[in-house]
Each structure stands twice: as C-alpha cells, then as structure tokens.
Amino acid sequence: MDEMDDFLAVLEEKELKDGTMKLVSVDGIPILLIKQSGQIFAIDNRCPHQGCGFSGGVLDGFVIICPCHDWRFDLKTGEYDKEPAIKLTMYDWIIKDGKIWVKLED
Ligand code: FES
C-alpha cells in the first residue's frame, strides 16, 4: 500500500482542455476540475457563500466567478477577493496513468 490509496481517479487528463472546467462527482462530492494556463485545480463545486455550483460560473484567468452573486475566488490562493478568510475548498490531485486523481481527505 502506498500514498496512492488516498487518491481516486476522476477523469482522463486529456478530457480537461486548457481554459475549461469539468464537473465530476466523487463519493457524492461535486468536484470541479479546472485547467488554466497548464495548471490544474480541483475545488469543491459548492460556493462557500450559499452553495451555488461554480460549474455554472465563469473562469476569468485564475479567478472563478460564482454564477449566483458574482463572488470572485482566486484559484491560486482559494481566497474570496473581498474577504480572504473565506476560501474555496481545494483538493490535492496528481496525474498518473493518463488520469487525474483527487484526494478527498485532508
Ligand atoms: S452562492 Fe456563490 S456568491 Fe453567493
């Protein structure tokens, strides 16, 4: 057994095109995979404000904008721009065997 035990394969890497988002569900948790400028992010799709799905929102560079009330979160830090203490839930991920694997537990 190795550290891979904590990771679950969620998507073929080639299915995540640059500048786009893909919503997957892992153990009932909606996870939004985002690729921007070659960097991958895996976030909980539910907005920390009132739970709206980021998958219906807009990607603006390294910022994800919630579709419900336009809160803007920085993907690199996870922070809401007006109140940095409010953060996205972000998941660790790795690429192995051509797939993106996400780790649910901290
Ligand atoms: S639910 Fe996302 S900004 Fe309100």
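Predicted model: local features only at pLDDT ≥ 70, side-chain atom pairs only at ≥ 80, totals over all residues.
**Entry 1**

I began with the strands around S4. I found an open sheet of three strands, in the order S2-S3-S4, with antiparallel pairing. Strand S2, residues 20-26, and S4 stand at the edges, and each has a single partner strand, so one side of each is left without a neighbour in the sheet. From one strand to the next the twist averages 25 degrees.

Next I looked at how S3 meets S4. Strand S3 covers residues 29-36 and pairs with S4 over six bridges, in the antiparallel sense. I noted two facing positions: Ile31 stands opposite Asp44 in S4, and Leu32 stands opposite Ile43 in S4. I kept a reminder beside this pair of notes: in a regular strand the side chains alternate between the two faces of the sheet.

I then followed the chain from S3 to S4. The two strands form a hairpin with two residues between them. Ser37 sits in that turn and has a positive phi of about 50 degrees.

**Entry 2. Asp44**

Is S4 mostly covered or mostly open? I counted it as mostly covered, since five of its six residues are buried. Asp44 lies in this strand, which spans residues 39-44.

I looked up Asp44 by itself. Its relative accessibility is 7%, and because the cut-off for buried is under 20%, Asp44 counts as buried.

Which residues does Asp44 touch, leaving out those up to four places away in sequence? I listed Ile29, Pro30, Phe54, Thr89 and Tyr91. Tyr91 came up again when I checked polar contacts: its side chain and that of Asp44 are joined by one of 3.3 Å.

A polar contact of 2.8 Å joins the side chains of Asp44 and Arg46. I also found this pair listed as a salt bridge, with 2.8 Å from N to O. Arg46 is partly exposed, with a relative accessible area of 42%, whereas Asp44 is buried at 7%.

**Entry 3. The cysteines**

How many disulfides does the structure hold? I found one. The disulfide joins Cys52 to Cys68, with 1.8 Å from S to S. The torsion about the S-S bond is about -90 degrees, so I wrote the disulfide down as left-handed.

I placed both ends along the chain. Cys52 lies in the loop between S4 and strand S5 (58-60), while Cys68 lies in the loop between strand S6 (63-65) and strand S7 (72-74), so the pair ties together parts that are 16 residues apart in sequence.

I checked how covered each end is. Cys52 has 19% relative accessibility and counts as buried, a value I set against the cut-off of under 20%. Cys68 is partly exposed, with a relative accessible area of 38%.

I looked up two further cysteines. Cys47 counts as buried at 5% relative accessibility, and Cys66 counts as buried at 2%.

**Entry 4. Salt bridges**

I counted five salt bridges.

Another joins Glu12 to Lys99, where the closest N and O atoms are 3.8 Å apart. This pair links distant parts of the chain: Glu12 is in strand S1 (residues 7-12) and Lys99 is in strand S11 (residues 99-103), 87 residues apart. Glu12 is partly exposed at 27% relative accessibility. Lys99 is partly exposed as well, with a relative accessible area of 30%.

I traced this pair further.

The last pair I looked up was Arg72 and Asp60, whose side chains meet in a salt bridge of 2.9 Å, N to O. Arg72 is in strand S7 and Asp60 is in strand S5, 12 residues apart, and the pair links distant parts of the chain. Arg72 counts as partly exposed at 30% relative accessibility, and Asp60 counts as partly exposed at 40%.

Note on methods:
Residues numbered from 1 in each chain as written. Heavy atoms only, no water. Helix = DSSP H or I, 4+ residues; strand = E, 2+ residues; numbered from the N terminus. Buried < 20%, exposed > 50% of the residue type's maximum accessible area, 1.4 Å probe, protein only. Polar contact = N/O pair within 3.5 Å; in protein donor to acceptor, adjacent residues only side chain to side chain. Contact = heavy atoms within 4.5 Å. Pairing = 2+ DSSP bridges. Axes fitted to C-alpha atoms, helices over the stretch in contact; angles between N-to-C directions. Disulfide = S-S within 2.5 Å. Salt bridge = Lys/Arg side-chain N within 4 Å of Asp/Glu carboxyl O.
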